[in-house]
Amino acid sequence: MAAAHCNYLSTLPATNLKLCSDHSVRLSHTLTLKSPNSSWIGTKLCVGVKPHVWVCTRRPFSAIVSFSLPTANPERVSPSQELPKWSSKAIKSFAMGELEARKFKYPTTGTEAFLMGLLIEGTNLASKFLRAHGITLFKVRDETVKLLGKADMFFFSPEHPPLTEQAQRALDWAIDQKIKSDDGGEVTTAHILLGIWSEVDSPGHKILSTLGFNDEKAKELDSSISKSGIKDD
């Protein structure tokens with residue numbers, strides 16, 4: 001219980017009286033006088049006010065991310081095995097690609113969106129390899145517009161644009177290759193990039209080919225991730 005400061009009232013210029021409590025609890029209480037000529041005007045008035053302490057609780061910001069991306073066949077491993085987990089940068093790149101598809105107002109998330117997502121994340125193994133060979137985000141965006149065109153300005157993509165069949169197969173290829181390697185570890189962005197390249201009719205493959213990516217570079221990347229303990233950075 002906190003009590004407001006006692007006030008001695010001699011005159012009242014209006015019928016509304018506002019009493020402020022101790023600043024430490026920041027309370028205020030408004031009295032409305034029905035009659036300014038009330039008999040108790042001019043007497044000592046002490047008002048008790050119960051403090052209402054507002055406590056603002058805010059959830060700590062945290063990113064809750066699943067360790068698996070969409071797969072068309074979750075039963076691709078034996079009961080004794082587990083699907084390999086994706087690296088955090090692969091998951092982030094996937095999310096960035098999905099967001100890029102929405103920015104372009106495309107109805108689906110395709111291999112071209114995956115490619116942009118890898119480069120937007122920027123710190124992963126695949127993006128570093130691409131930039132080292134002159135393939136940048138701006139170039140990929142330009143080629144995407146040339147290949148797929150611009151969407152209707154009045155069209156709004158869904159919150160999570162569904163994957164194209166080619167994009168889904170690219171993810172499944174990445175998982176399958178990791179399972180075949182049988183070396184443990186995570187599925188990296190390099191696996192996604194090679195999965196995009198494996199879909200020869202996909203927009204992502206065509207964009208990569210236009211910008212100078214080829215089978216020789218794909219083999220170079222594949223050999224670099226074949227080493228044990230490779231990290232996605």
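Predicted model: local features only at pLDDT ≥ 70, side-chain atom pairs only at ≥ 80, totals over all residues.

Trainee: What share of the residues in the chain is buried?

Mentor: A residue is counted as buried when its relative accessible area is under 20%. The chain has 233 residues, and the buried share of them is 37%.

Trainee: Are helix 6 and helix 8 roughly parallel or roughly antiparallel to each other?

Mentor: Helix 6 spans residues 189-198 and helix 8 spans residues 215-225; their axes come within 10 Å and cross at roughly 150 degrees. Angles over 145 degrees count as roughly antiparallel. The crossing is left-handed. The two helices are therefore roughly antiparallel.

Trainee: How many residues in the contact of helix 6 with helix 8 are nonpolar, polar and charged?

Mentor: On the side of helix 6, the contact involves Ala-190, His-191, Leu-193, Leu-194 and Trp-197, which meet Asp-215, Ala-218, Leu-221, Asp-222 and Ile-225 of helix 8. These residues divide into 7 nonpolar, 1 polar and 2 charged.

Trainee: Helix 2 also packs with helix 6. Which residues make that contact?

Mentor: Helix 2, residues 111-121, lies with its axis 10 Å from that of helix 6, at an angle of about 150 degrees. This angle makes helix 2 roughly antiparallel to helix 6, and their crossing is left-handed. The contact comprises 6 nonpolar, 2 polar and no charged residues. Those residues are Thr-111, Phe-114, Leu-115 and Leu-118 of helix 2, with Thr-189, Ile-192, Leu-193 and Ile-196 of helix 6.

Trainee: Does Lys-105 count as buried, partly exposed or exposed?

Mentor: Lys-105 is located in the loop between helix 1 (88-103) and helix 2. Its phi is near 60 degrees, a positive value in a residue other than glycine. Buried residues fall under 20% relative accessible area and exposed ones over 50%. Because its relative accessibility is 24%, Lys-105 counts as partly exposed.

Conventions:
Residues numbered from 1 in each chain as written. Heavy atoms only, no water. Axes fitted to C-alpha atoms, helices over the stretch in contact; angles between N-to-C directions. Helix = DSSP H or I, 4+ residues; strand = E, 2+ residues; numbered from the N terminus. Parallel < 35°, antiparallel > 145°, perpendicular 65-115°, else oblique. Left-handed = near helix turned anticlockwise from the far one by under 90°. Contact = heavy atoms within 4.5 Å. Nonpolar A, V, L, I, M, F, W, Y, C, P; charged D, E, K, R; others polar. Buried < 20%, exposed > 50% of the residue type's maximum accessible area, 1.4 Å probe, protein only.
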